[in-house]
Every structure is written in C-alpha cells, then in structure tokens.
Amino acid sequence: MRLLLIGAPGAGKGTQAKQLAERFGLAHISSGDLLRQHVRDETALGRTAKSYVDAGDLVPDAVVMNMLRKPVVAATEAGGYVLDGFPRTVDQAKASFRTARTLGAEVQAAIHLDVPSAELVRRLLARRRGSDDTQAVIEHRLQVYLDNTVPLLEYYAGREWMFTVNGAQSPDAVHAEILDRLRKLADFGM
Ligand code: AP5
Ligand code: MG
C-alpha cells in the first residue's frame with residue numbers, strides 16, 4: 001500500500017501517518033522529520049537544508065528528492081509507505097510521478113487533511129517543536145502552504161484516488177474517516 005498525506009503545517013500529517021503505518025505495516029516517511037534529522041546530524045544535506053527549514057521555506061526540490069529516493073524505494077520493496085509532507089508542490093508531484101512510474105511505485109491514495117487555519121496555529125503554538133514553531137515562522141509556513149501546496153491540491157482534484165477528510169476532529173475520528181474512505185477505493189480490497 002502506498003499512501004500520501006497532504007495538509008497544512010499542523011494538520012496532523014505526522015499523527016495520522018504514524019497510525020496508518022502501524023495499522024498496515026508500512027514505512028512512515030516524513031520529509032520534515034528526515035530533514036530535521038539531517039540538520040541535527042550536520043550532514044552536507046542538513047547544512048544545505050537548515051536555513052530553509054528554520055525560515056519555514058521549502059527546501060529545494062532536488063535536495064528533498066535525493067533524500068527521499070532510497071527510503072521510498074526500500075519501503076516499496078518492503079510492502080509500502082505512508083509519505084508525509086511530500087510532494088508539496090506541483091513540480092515535486094510531476095517529477096516524483098515519473099520516477100515512481102518507472103519503479104512501479106505509483107501512489108495509490110492521496111489523503112488531504114483539512115483543518116481551519118486558527119486551529120493550525122493553536123496546535124503549532126502549543127507544540128513548540130523548535131525554531132519553526134514561532135508565531136512569525138508559523139504564519140510564513142501557512143503562506144508557503146497556500147502559495148505552493150494548495151495548487152498541488154488543485155492539480156490532484158478530481159482524481160479518484162485523492163480525497164479530503166475533516167482533520168479538525170479528534171485524531172481517532174480522523175483515522176476512522178481515513179479508513180472508511182480507503183475502503184471505498186476499489187483497488188484496496190480491504
Ligand atoms: P514538516 O515537518 O512536514 O512540517 P509541516 O508541514 O509544517 O507540518 P508539521 O509536521 O508541523 O505538522 P503535521 O501536519 O505533521 O501535524 P502533527 O501530526 O505533527 O516540514 C518542515 C519543514 O521541512 C518545511 O517547512 C520545509 O522547510 C521542509 N520540508 C518538508 N517537506 C518538504 C518538501 N516536500 N519540500 C520542500 N521542503 C520540505 O500535529 C501537529 C500538532 O497537533 C501536534 O502537537 C499534534 O499532537 C497535534 N494534533 C495532531 N492531530 C490533532 C487532532 N486531530 N486534534 C488535535 N491536535 C492534533
Ligand atoms: Mg509533521
């Protein structure tokens with residue numbers, strides 16, 4: 001099973017990806033978690049990514065795609081993945097689709113978590129993960145989402161494997177709604 005989670009900062013991508021990965025035995029691959037790990041480890045990739053992550057800007061596509069290639073290929077061979085936070089732009093979606101098709105690893109469902117922006121800000125200010133959970137950077141991350149990822153949702157709109165769930169419910173209710181929608185997708189045979 002190969003799933004994508006798309007949503008604004010704080011929408012619950014990480015929370016839902018973890019639950020789906022546990023339930024279905026998939027690898028949870030979070031582009032943000034991997035980038036933060038590279039920054040902490042001070043790898044060459046981490047040194048390139050740090051200023052973007054701290055500012056709430058998108059890390060350049062080539063950097064993110066290079067970072068994800070190996071874990072995504074490994075996860076595909078091992079039974080599947082939940083990709084959390086990638087793709088985030090139309091360009092990333094187009095480029096990764098070409099790669100995935102040659103590998104036979106195209107995504108089977110894209111889940112959009114929809115949450116009102118006041119709730120997003122509330123969650124992120126309460127969490128205070130690090131340098132990018134300050135009021136100013138949160139506002140910028142939300143703007144980056146509107147400018148870059150909302151067009152991705154429009155690009156995917158109307159595809160039968162893409163659906164939106166109400167992400168403003170409790171985590172368990174969101175998970176249940178995702179399961180219900182996945183069951184309705186014919187390919188899954190769940
Ligand atoms: P990333 O790590 O992906 O951050 P984000 O998109 O801003 O989202 P978060 O991880 O903050 O939130 P989430 O949706 O995972 O929600 P969570 O479950 O944690 O990206 C960070 C940075 O990396 C980017 O700014 C960019 O610089 C770079 N980057 C990453 N991917 C990239 C890409 N593809 N291209 C270029 N650059 C990229 O929940 C948030 C909080 O809310 C938690 O405290 C949680 O407990 C709580 N919560 C969750 N669900 C609920 C619920 N249902 N009800 C109440 N509270 C809830
Ligand atoms: Mg996350």
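Q: Which hand does the crossing of H2 and H3 have, left or right?
A: In this predicted model, the crossing of H2 and H3 is left-handed.

Q: What describes the packing of two helices?
A: Two packed helices are described by the angle between their axes and the distance between the axes. For helix H2 (residues 31–41) and helix H3 (residues 44–55), the angle is about 115° and the axes are 8 Å apart.

Q: How do you know that H2 meets H3, and through which residues?
A: Contact means heavy atoms within 4.5 Å. From H2, the residues that meet H3 are Leu35, His38 and Val39. Their partners in H3 are Leu45, Gly46, Ala49, Lys50 and Val53. By class, this contact has five nonpolar, two polar and one charged residue.

Q: Why is glycine 167 called buried?
A: Buried means under 20% relative accessible area. Glycine 167 has 3% relative accessibility, so it counts as buried.

Q: Where is glycine 167 found, and what is it in contact with?
A: Glycine 167 sits in the loop between strand E5 (162–166) and H8. Leaving aside its neighbours within four places in sequence, it touches Ala11, Asp114, Val115, Arg123 and Val174. The cut-off for such a contact is heavy atoms within 4.5 Å.

Q: How many residues along the chain lie between glycine 167 and proline 116, and what separates their C-alpha atoms?
A: They are 51 residues apart along the chain, and 8.7 Å separates their C-alpha atoms.

Q: How do you know where empty space is left?
A: A probe the size of a water molecule is rolled over the atoms, and this shows the empty space. Here, the largest pocket has a volume of about 900 Å³. The second largest pocket has about 430 Å³.

Q: What makes a residue part of the lining of the largest pocket, and which lie nearest its centre?
A: A lining residue has an atom within 4 Å of a pocket point. For the largest pocket, 44 residues line the space. Pro9, Gly10, Lys13, Arg129 and Arg141 lie nearest its centre. H2 gives the most to this lining, with five residues. The classes are 16 nonpolar, 16 polar and 12 charged.

Q: What lines the second largest pocket?
A: Its lining has 24 residues, and Tyr81, Phe86, Ser96, Phe97 and Ala100 lie nearest its centre. Helix H4 (61–78), strand E3 (81–84), helix H5 (90–103) and H7 each give two or more residues. The largest share, seven residues, comes from H5.

Technical notes
Residues numbered from 1 in each chain as written. Chains lettered and ligands numbered in written order. Predicted model: local features only at pLDDT ≥ 70, side-chain atom pairs only at ≥ 80, totals over all residues. Heavy atoms only, no water. Axes fitted to C-alpha atoms, helices over the stretch in contact; angles between N-to-C directions. Helix = DSSP H or I, 4+ residues; strand = E, 2+ residues; numbered from the N terminus. Left-handed = near helix turned anticlockwise from the far one by under 90°. Nonpolar A, V, L, I, M, F, W, Y, C, P; charged D, E, K, R; others polar. 1 Å grid on protein atoms, 1.4 Å probe; cavity = no way out; pocket = protein on both sides within 12 Å on 5 of 7 lines; lining within 4 Å. Points joined across faces, edges and corners; volume = space filled by probe spheres on them. Buried < 20%, exposed > 50% of the residue type's maximum accessible area, 1.4 Å probe, protein only.
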